[in-house]
Amino acid sequence: MITVNGVETQWNDGLTVAQLLAREKFTFKMIAVWIDDSVVDKEYYATKTIPDGANVQVIHNISGG
């Protein structure tokens with residue numbers, strides 16, 4: 001199991017950030033992701049795997065004036 005934004009969810013071996021975002025339907029273009037308090041650069045979403053027991057935070061970045 002992993003925790004995503006405070007909610008426990010299923011984990012599977014080899015789960016990448018990109019797969020998690022697709023599965024959880026995070027489609028907003030401006031997203032920031034942290035795994036266990038470490039930021040994940042967007043260029044690594046397809047290859048960065050999430051370890052079992054991880055705490056993942058997905059934040060939608062919103063700008064405006």
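1. The protein chain exposes about 4,400 Å², and carbon and sulfur atoms supply 52% of this area; accessible areas come from the Shrake-Rupley method with a 1.4 Å probe, and for residues only the protein chains shown count as cover. The model is predicted: local features need pLDDT of at least 70 and side-chain atom pairs count only at pLDDT 80 or more, while totals for chains, interfaces and linings use all residues. Residues are numbered from 1 along each chain as its sequence is written, and side-chain values use heavy atoms, with hydrogens and water left out.

2. Helices (H or I, at least four residues) and strands (E, at least two) are DSSP runs numbered from the N terminus; the radius is taken over C-alpha atoms, and the globule rule is 2.2 Å times the number of residues to the power 0.38.

3. Of the 65 residues in the protein chain, 29% are buried (under 20% relative accessible area; exposed is over 50%, and partly exposed is in between, with a 1.4 Å probe and protein chains only). The largest nonpolar core has 16 residues, of which I2, V17, V33, I50, V56 and V58 touch the most other members. Two or more residues of this core come from each of β1 (2-4), α1 (17-23), β3 (31-35) and β5 (55-60). Such a core is a set of buried Ala, Val, Leu, Ile, Met, Phe, Trp, Tyr and Cys residues joined through side-chain atoms within 4.5 Å.

4. Contacts (heavy atoms within 4.5 Å) can be followed from V56. Residues up to four places away in sequence aside, V56 touches I2, T3, V4, N5, L20, V33, W34, I35 and I50. Among contacts between residues at least 6 apart in sequence, 57% join residues at least 24 apart.

5. The loop between α1 and β3 holds F26 and K25. Apart from neighbours within four places in sequence, F26 is in contact with V4, N5, L21, I31, V58 and H60. K25 is exposed, at a relative accessible area of 64%, and has a positive phi near 60° although K25 is not glycine.

6. D36 is placed in the loop between β3 and β4 (38-40). Its phi is near 50°, also a positive value in a residue other than glycine, and D36 counts as partly exposed at 41% relative accessibility.
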